[in-house]
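Please look at the sequence and the model shown here, and then read the report below, which goes through a helix pair, a sheet and some charged contacts.

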Amino acid sequence: METSTFVYDGDCAFCTSCAEFIERRIPTKARVVPWQFADLDALGLTAAECEEAVQWVGADGSRAAGPDAIAKLLGGSGPLWRVAGAGLRLAPALAWPAYRWVARNRHRLPGGTTACALPQEARERLYGAAGRPTAGA
């Protein structure tokens with residue numbers, strides 16, 4: 001793989017807002033892609049892993065999830081962002097609980113919607129694979 005890839009939940013408005021922030025503000029050579037449109041097999045990822053947390057697949061094949069994935073993304077960025085990434089790597093005992101709290105509450109955070117709180121299976125049942133409400137839902 002030539003380029004590192006950061007994978008997020010494209011069905012979640014909060015996650016999408018964060019990804020858009022990354023693309024606008026954080027200088028990175030990594031691809032930032034929703035897992036629903038990524039070639040998960042080529043990346044060596046499963047849908048279950050992607051539903052659980054953001055994922056990082058490095059150009060060298062290295063992998064990370066959650067705040068470790070965010071730290072990898074930031075580590076290949078500008079100087080200020082690298083410091084933030086180092087902070088995540090140095091404090092995993094704080095980073096993981098904070099990440100899990102954000103994941104559980106993303107529907108309440110700025111940019112989040114009620115659909116962000118639903119598991120993938122429930123979102124597809126209600127909104128269909130295309131993200132639009134299905135008949136009878």
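## Two packed helices

In this predicted model, helix H4 (residues 66–75) packs against helix H6 (residues 92–105) at an angle of about 110°, and their axes are 8 Å apart. Because an angle from 65 to 115 degrees counts as roughly perpendicular, H4 and H6 are described as roughly perpendicular to each other. On the H4 side the contact is made by Gly66, Pro67, Asp68 and Ile70, which meet Ala95, Trp96 and Tyr99 in H6. Sorted by class, the contact of H4 with H6 has 5 nonpolar residues, 1 polar residue and 1 charged residue.

## The sheet

The model also holds an open sheet of 4 strands, arranged in the order S2-S1-S3-S4 with mixed pairing. Strand S2 (31–34) and strand S4 stand at the edges with a single partner strand each, so one side of each is left without a neighbour in the sheet. On average, and with direction ignored, neighbouring strands of this sheet are turned by 20° against each other.

Strand S3 (residues 55–57) and strand S4 run antiparallel and are joined by 3 bridges, and within this part of the sheet Trp56 stands opposite Ala64 in S4. Helix H1, in turn, lies across S1 and S2 and runs at about 155° to S1.

## Salt bridges

Side chains of opposite charge can pair when their charged atoms come close. How many salt bridges does the count come to? The count comes to 2 salt bridges, and the table lists them.

| Asp9 | Arg106 | 3.4 Å |

In the salt bridge of Asp9 with Arg106, Asp9 lies in the loop between strand S1 (5–8) and helix H1 (13–25), while Arg106 lies in the loop between H6 and helix H7 (120–127), so the pair ties together parts that are 97 residues apart in sequence. Are Asp9 and Arg106 buried or exposed? Both Asp9 and Arg106 are buried.

Definitions and conventions
Residues are numbered from 1 along each chain as its sequence is written. This is a predicted model: local features need pLDDT of at least 70, side-chain atom pairs count only at pLDDT 80 or more; totals for chains, interfaces and linings use all residues. Side-chain values use heavy atoms; hydrogens and water are left out. Axes are lines fitted to C-alpha atoms, for helices over the stretch in contact, and angles run from 0 to 180 degrees between N-to-C directions. Angles under 35 degrees count as roughly parallel, over 145 as roughly antiparallel, 65 to 115 as roughly perpendicular and the rest as oblique. Contact means heavy atoms within 4.5 Å. Ala, Val, Leu, Ile, Met, Phe, Trp, Tyr, Cys and Pro count as nonpolar, Asp, Glu, Lys and Arg as charged, and the others, Gly among them, as polar. A salt bridge is a side-chain nitrogen of Lys or Arg within 4 Å of a carboxyl oxygen of Asp or Glu. Buried means under 20% relative accessible area, exposed over 50%, partly exposed in between (1.4 Å probe, protein chains only). Two strands pair if DSSP finds at least two bridges between them.
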